[in-house]
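Student: Hi! I'd like to go through this structure with you, side chains and all. Could you start with the terms we'll need?

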Amino acid sequence: MFISEITWSVSPEIFNVGLISIRWYGFLFAMGFVLGFIILNKIFSKEKKSKNDLEQLTVYVIFGTVIGARLGHCLFYNPEYYLSNPVEILKVWTGGLASHGAAIGIVISVYLFSKKKKDMNMLWVLDRVVIVVALAGCLIRLGNLFNSEIIGKATDVPWAFIFKSVDDLPRHPAQLYESIAYLIIFLILLMVYRKKFPNLQQGLLFGLFLVLVFSFRFFIEFFKEVQEDFEAGMTLNMGQLLSIPFVLIGIYFILNAYKKSSPVKSSK
């Protein structure tokens, strides 16, 4: 087979000034929130919701994402170390964020926001937030690509990447697979929102997000190198095991959304 691997030796840094370093990962992570705010601002304006509420929601979601992602990594992947060294949990800059933890953190942050805003239903908010979360996921995985992390298994496919900072093996660009998938999911969610507005069934987009994102996450793990040593002997790795309940919860919300929107048959 003809192989034309792509040699990946791009610096994770965009530029640095003295001790200050601007990295692609941080830039793309931040852009996820910026673009998300812009898109949600249009949605909130369309549905006559307050921009002030959106600004508060954004703060909640930022904290929920970062805290949830960090705790998810620490508690799902290496609990013994981090529980023995709790101060290390605070060192977010050393790396280690988990998407499953981020998902939980976002749901909790939206719940707390909705508790404060009695006129904004939690599912209504989640249905809008997940649209931009999918886009943020796309950008974050591009950041992982620039960091040459979350690499795929060795392969001979023509589009394989050789991550020079890791080794000289051609590998699946798993980060790119996920990034493209999340971009497609973002477009699907946005299309469903536009098509069904203003009669969008409550919980439908949230359920679709969980099913699409975590079904793909389950599948793509077969092409990734294990993230932690303890996963090496597992039939399903930690990412796959954590994805299963998210998919099941998503199916529940989809079915529930359609059930509530179905007309009730009169008894004879």
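Tutor: Happy to. Rings of Phe, Tyr and Trp (its six-membered ring) pair if their centres lie within 6.5 Å; planes under 30 degrees apart count as stacked, over 60 as edge-to-face, and the rest as tilted. Bear in mind that this is a predicted model, where local features need pLDDT of at least 70, side-chain atom pairs count only at pLDDT 80 or more, and totals for chains, interfaces and linings use all residues. Residues are numbered from 1 along each chain as its sequence is written, and side-chain values use heavy atoms, with hydrogens and water left out.

Student: How many aromatic pairs does a search of the whole structure find?

Tutor: The search finds 18 aromatic pairs. Take Tyr25 and Phe29: the ring centres are 6.0 Å apart and the planes are at 40°, so this pair is tilted.

Student: Where do Tyr25 and Phe29 lie?

Tutor: Both are in helix α1 (residues 24–46), four residues apart, or about one turn of the helix. Helices here are DSSP runs of H or I with at least four residues, strands are runs of E with at least two, and both are numbered from the N terminus. An α-helix has 3.6 residues a turn, so residues three or four places apart point the same way.

Student: And are Tyr25 and Phe29 buried or exposed?

Tutor: Both Tyr25 and Phe29 are buried. Buried means under 20% relative accessible area, exposed means over 50%, and partly exposed is in between (1.4 Å probe, protein chains only).

Student: What about Tyr60 and Phe113, which kind of aromatic pair do they form?

Tutor: An edge-to-face one, with 5.7 Å centre to centre and 70° between the planes. Tyr60 lies in helix α2 (residues 51–77) and Phe113 in helix α4 (residues 99–116), so the pair ties together parts that are 53 residues apart in sequence. Tyr60 counts as partly exposed because its relative accessibility is 25%, while Phe113 is buried at 0%.

Student: What else is buried in α4?

Tutor: Besides Phe113, the buried residues of α4 include His100, Gly101, Ala102 and Ile106.

Student: Which residues do ring pairs link into a cluster?

Tutor: Trp8, Trp24, Phe27, Phe146, Phe161 and Phe163.

Student: New topic: salt bridges. What's the count?

Tutor: It comes to 10 salt bridges, where a side-chain nitrogen of Lys or Arg must be within 4 Å of a carboxyl oxygen of Asp or Glu. One of them joins Lys164 to Asp168, with the closest N and O atoms 2.7 Å apart. Lys164 is partly exposed at 44% relative accessible area, and Asp168 counts as exposed at 54%. Arg171 also forms one, with Asp167 at 2.6 Å, and Arg171 is buried at 6%.

Student: Which residues are linked in a network of salt bridges?

Tutor: Arg141, Glu178, Arg217, Glu221 and Lys224. The side chains of Lys224 and Glu221 meet at 3.0 Å, N to O. Lys224 is buried at 3% relative accessible area, and Glu221 is buried at 5%.

Student: Now the backbone. Which peptide bond is cis?

Tutor: The bond from Phe197 to Pro198 is cis, with omega near 10°. Pro198 sits in the loop between α6 and α7 (204–220). Most residues other than glycine have a negative phi, and most peptide bonds are trans.

Student: What's the phi of Ser148?

Tutor: Positive, about 55°, although Ser148 is not a glycine. Ile150 has a positive phi near 55° too. Ser148 is in the loop between α5 (122–146) and β4 (161–163), and Ile150 lies in the loop between α5 and β4 as well.

Student: Last one: where does pLDDT stay under 50?

Tutor: Over residues 263–268, for which the model has zero contacts beyond four places in sequence; contact means heavy atoms within 4.5 Å. pLDDT is the predictor's confidence in each residue, from 0 to 100. The protein averages 92, and 96% of the residues score at least 70. Where pLDDT is low, the predicted coordinates should not be read in detail.
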